[in-house]
Amino acid sequence: MELVAGCYEQVLFGFAIHPEPDAGDDHEEQKWTPVADFTHHAHTASLSAVAVNSRFVVTGSKDETIHIYDMKKKIDHGALVHHNGTITCLKFYGNRHLISGAEDGLICVWDAKKWECLKSIKAHKGHVTFLSIHPSGKLALSVGTDKTLRTWNLVEGRSAFIKNIKQNAHIVEWSPRGEKYIVVILNKIDVYQLDTASVSGTITNEKRISSVTFLSESVLAVAGDEEVVRFFDCDSLMCLCEFKAHENRIKDMFSFEVPEHHVVITASSDGFIKMWKLKQDKKVPPSLLCEVKTNARLTCLGVWLDRVTDTQESLPSAAEPSPVSKEQSKINKKEAGDVVQEEKKQSIHNAKKCDLTGDSNKPTKGNTSVSTKKRKMVEMLEKKKRKKKKI
């Protein structure tokens with residue numbers, strides 16, 4: 001089990017977590033042991049998003065790139081440079097597809113084997129602020145700064161429904177079974193039912209919400225610009241419990257299940273990452289399993305489990321998005337595949353320089369000259385093509 005977290009200081013941290021055997025709910029002193037595994041400094045600006053599948057960790061940044069890390073080999077696998085603007089959200093579906101959103105208003109569907117862009121959709125007039133994939137892989141939801149909530153048919157790769165909302169939403173999330181979804185605007189959470197596509201209720205948090213994660217089909221963990229995490233019931237809209245998790249505002253949360261454990265992870269501006277063991281009764285606050293001090297301003301996190309965690313390997317066979325036009329495909333290959341291939345050759349040579357296997361907890365700057373030059377070349381080519389199109 002590997003805990004990964006990004007920060008403002010441009011670094012991706014990796015911590016190997018060694019769980020202790022479960023001694024039962026009565027044993028409150030159970031602790032897990034975190035060990036610093038790697039630090040990697042591939043981006044040239046702060047990290048803004050992270051996603052994980054059974055092989056790779058991908059990170060998005062304000063430097064407009066998506067970096068790919070091979071967790072099996074502990075090497076940099078390359079970069080994707082299709083977007084213009086900060087990468088705002090990254091979501092894997094199984095082990096075959098990655099979906100990205102950015103401030104350029106695009107949603108891109110990537111083949112996570114060949115690392116080619118299968119589909120590039122102009123999703124929002126403003127920024128794409130968040131996206132979420134339905135458990136079936138057939139639908140996706142996105143919100144943007146154009147004050148719309150959009151439903152995407154991933155089978156056909158097109159917009160299925162557009163809902164105008166009064167304000168800019170910054171989070172949207174499906175429930176585990178996909179029977180409901182939530183939309184977050186500032187400190188309010190609108191709960192929608194899939195069958196009616198209408199709001200069944202609204203949850204109000206005390207401060208602006210920064211992160212949410214479903215603990216079950218009806219229980220939602222909510223964190224915001226404060227030190228407290230709250231568990232809400234999406235049906236009754238009542239707060240089940242709250243507990244102080246950090247000394248500063250919480251930036252991101254993640255939840256997952258392993259045998260005998262249901263875990264919530266929190267990352268804060270105070271530099272700490274904490275792992276909490278949930279109780280069966282969600283009215284009871286969770287117990288602390290372990291904590292890690294990074295001395296960094298954390299922004300995003302995820303968990304890599306050294307096994308296949310997804311029952312669905314890819315989008316439904318009929319749902320694989322149709323390739324983009326031949327001309328665009330050539331651009332995508334130049335922007336994505338070629339960069340990956342170039343850096344893949346360099347990755348083994350650079351692995352030691354990047355300190356991917358060291359135990360140092362300090363940010364270490366890897367040799368990124370190849371990727372930086374490649375990005376600049378691609379950007380120049382893209383600008384020339386845009387000028388030609390305008391002419």
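I counted a salt bridge wherever a side-chain nitrogen of Lys or Arg lies within 4 Å of a carboxyl oxygen of Asp or Glu. The model is predicted, and I kept to its limits: local features need pLDDT of at least 70 and side-chain atom pairs pLDDT 80 or more, while totals for chains, interfaces and linings use all residues. Residues are numbered from 1 along each chain as its sequence is written, and side-chain values use heavy atoms, with hydrogens and water left out.

Entry one, salt bridges. I found twelve of them in the structure. Arg 177 pairs with Glu 179, with the closest N and O atoms 3.1 Å apart; I noted Arg 177 as exposed at 53% relative accessible area and Glu 179 as partly exposed at 41% (buried is under 20%, exposed over 50%, partly exposed in between, with a 1.4 Å probe and protein chains only).

Entry two, a bridge between strands. Arg 230 forms a salt bridge with Glu 242, the closest N and O atoms being 3.2 Å apart. This pair links distant parts of the chain, since I located Arg 230 in strand β22 (residues 228–233) and Glu 242 in strand β23 (residues 239–244), twelve residues apart (strands are DSSP runs of E, at least two residues, numbered from the N terminus). Arg 230 is buried at 4%, whereas Glu 242 is partly exposed at 43%. Through shared partners, salt bridges join Glu 206, Glu 226, Arg 230 and Glu 242 into one network.

Key. Helix = DSSP H or I, 4+ residues; strand = E, 2+ residues; numbered from the N terminus.
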